[in-house]
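This briefing covers two topics: a chain interface and a ligand site. Keep the structure in view while reading.

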Amino acid sequence: MSAIAVHCQNLVKIYATGNQKVTALNGINLDIAQGELMMLVGPSGCGKTTLISVIAGILDQDDGVCELFGQNILKMRSAEKLKFRAQNIGFVFQAFNLLPALNAMENVSVPLIINGVRRQTAERQAAAVLEQVGLGERRKSLPAELSGGQQQRVAIARALVHSPRLIVCDEPTSALDHESGRNVMTLLKDVALHKDRTLVIVTHDARIFEFADRMAKMDDGHIVNVSGSKPLHEAL
Amino acid sequence: MNRIALKMLMGDRGKYFGIVMGLTFASLIMTQQPAIFVGLMTRTFSFISDVGLPDIWVMDAKVQFVDDIKPLQDTELYRVRGISGVEWAMPMYKGLLKARLTDGTFQTCNVVGLDDTTLIGGPPVMLAGRIEDLRRSDGIIVDIDALKEKLAKPSGTPNGKPIQLQIGDSLELNDHRAIIVGIAKVTRTFQSQPVIYTTYSRAKSYAPKERKLLSFVLVKAKPQQNLTELSQRIRKNTGLAAYTQQEFMDLTYQYFMKNTGIPINFGISVLLGFIVGAAIAGQTFYNFTLENIRQFGVLKAMGTSNWTLLRMILLQAILVGLIGYGMGVGLTAWFGYAMRNTILAFRFPWQLLVFSGAGVSLICMFAALLSIVKVIRLEPAIVFKG
Ligand SMILES: Nc1ncnc2c1ncn2[C@@H]1O[C@H](COP(=O)(O)OP(=O)(O)O)[C@@H](O)[C@H]1O
Ligand SMILES: [Mg+2]
């Protein structure tokens, strides 16, 4: 029996650029269970990135409620919010976003260092997680010396290393070929996901839909339908 | 996080170099130009410090600086000697006279006439001969730089080196024969004219015939005599100006500060160095931050506080500042060393280190501030943007 990891109720986000207003989220209602892999899919511009930004606590909604593990991030003071993110959330990006001057191990150790872990300890743990993602040998390599698939695996290790309860991924396979994309998804599903860790993955790559536990289809700032092998009541 | 900040900085070799170069340039200009300025200004009064021995210089009340000669009557010397508290008082002639060189050209020289018996006020360092040799007939002592440069004989061959005059060679000063009996080393003066020492009476015979030829009366105070009191007494009794050595140096220095374009010219150089350095370093540093803005965004999304990011940027700025400052000051010192035997004026007192250090710190603070504002305003949500 697992609990709700993410609870979104009537989420609204409006971007104002000049006198133009774009309603990116127009009343999102969505619950994501702990330990499930939820995919957010839908056409470009429908609000997927905006939604996971709000879920990950790096963007404030204009209306509605978003709770993570029962806590309302919007209500937190900024120092609390930072600490909450540092401890509970892992990020995986389409463009990897590794720090180019740091080698794989140093990159992976960053979340631990942000959490105040000493460097030696952090790097030891980072090396262990790199083993898990199959890059133990490459821990001294700079991002530029790694292939796209390898860089994304480093990024996954970085998203995992501090044992967050939620990992958000924005188009993690879009920059990769089919083969590397599948490797990355396998890794996310087998290594990253477990009963205490939830994955929210934004994608429009149909080839990886099969990895989803459930899939929320979005259009124009709405959730159109939620489908999947396990409906939410089963997942719970 | 400090290590990460430094790695980020060094990771971008091109930018890192650009920033350090900009700061090096700024700190070089801000140290080297003032060093030349200080060197030049020191030369304005180097004649006074070279003379050294007297406590008080007495001169016409209207004299504004050391080369502003307003001659006195010889009788003033005796009046000064009669004032209580004066241990001794000696005459000095200082004036510009034309020397005729062997090839027929003329060179204006600074001729200094010393008291015939005591020879007080002579050159600080003798390289050849002795000061006493001035007592030989037609004897003069000439400074070494003049012998090598302005007073040197042209060589016989077209591209040959000029030939340095030696002891025993002669010059013509205002149609009078003068024979070199000694070679001295003097501190370069502002005008860098050849300096020729001779006796007071011989200097008078070289100089154009005038009623007054006494330039200064050099005074030594009695032991325990308060110098300020003594110079006041001299002023009151003679109506002349009387300055302590330091006061006369200050007077001369102030004259050049107020009445020449030198301070403003150097001021402008320093300001330009500061502005150009600030522009290059500030801009490159800001660009560096902008280029790494996504990395800062990622760190922010992952929970790094603004305070930590601020510290990272400050650390980066301080590091490039220290390196640039060190290189600029090092280059200046090297420049000064390389130029030590040339005509170039150069002085590097420790105050200049503080001055340019403050300048470089200002530039770094300015550069860091721009970047810090940018990073603090940064929305972490940019990390998901393409
Ligand atoms: N920072 C922003 N400022 C203004 N409009 C934005 C901004 N971010 C996204 N949008 C707009 O909001 C809508 C949703 O964007 P996004 O969440 O990125 O969609 P998706 O990830 O599904 O492609 C789009 O119309 C986009 O143009
Ligand atoms: Mg998107």
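A polar contact is a pair of N or O atoms within 3.5 Å. The model is predicted. In it, a backbone N or O atom of Gly45(A) lies 2.7 Å from an oxygen atom of ligand 1. Ligand 1 lies between chains A and B.

**Ligand 1**

- Cys46(A) places a polar backbone atom 3.2 Å from an oxygen atom of ligand 1.
- Thr50(A) brings a polar side-chain atom to 2.5 Å from a ligand 1 oxygen atom.
- On its own, ligand 1 has 560 Å² of accessible area, and the protein covers 69% of that.
- Strand E1 (4-17), strand E2 (20-33) and helix H1 (48-55) of chain A each give two or more residues to the shell.
- H1(A) gives the largest share, 3 residues.
- The shell holds 13 residues, and Lys48(A) and Thr49(A) are among the closest.
- By class, the shell has 5 nonpolar, 6 polar and 2 charged residues.

**Interface of chains A and B**

- The contact draws 27 residues from chain A and 22 residues from chain B.
- Together the chains bury about 2100 Å², 71% of it on carbon and sulfur atoms.
- Arg3(B), Met302(B) and Phe384(B) supply 34% of the area chain B buries against chain A, more than any other three residues.
- The interface has 2 salt bridges.
- One of them joins Glu106(A) to Lys7(B), with the closest N and O atoms 2.5 Å apart.
- There are 6 residue pairs in polar contact across the interface.
- On the chain B side, helix H1 (2-11) and helix H10 (293-301) each give two or more residues.
- H10(B) gives the largest share of that side, 6 residues.
- The chain B side divides into 11 nonpolar, 5 polar and 6 charged residues.

Note on methods
Residues are numbered from 1 along each chain as its sequence is written. Chains are lettered from A and ligands numbered from 1 in the order in which they are written. This is a predicted model: local features need pLDDT of at least 70, side-chain atom pairs count only at pLDDT 80 or more; totals for chains, interfaces and linings use all residues. Side-chain values use heavy atoms; hydrogens and water are left out. Contact means heavy atoms within 4.5 Å. Buried area is the accessible area (1.4 Å probe) that two parts lose on being put together, summed over both. A salt bridge is a side-chain nitrogen of Lys or Arg within 4 Å of a carboxyl oxygen of Asp or Glu. A polar contact is a pair of N or O atoms within 3.5 Å; within protein, one must be able to donate a hydrogen and the other to accept it, and residues adjacent in sequence count only if both atoms are side-chain atoms. Helices (H or I, at least four residues) and strands (E, at least two) are DSSP runs, numbered from the N terminus. Ala, Val, Leu, Ile, Met, Phe, Trp, Tyr, Cys and Pro count as nonpolar, Asp, Glu, Lys and Arg as charged, and the others, Gly among them, as polar. A residue is near a molecule or strand if one of its heavy atoms lies within 4 Å of it. Accessible areas come from the Shrake-Rupley method with a 1.4 Å probe; for residues, only the protein chains shown count as cover.
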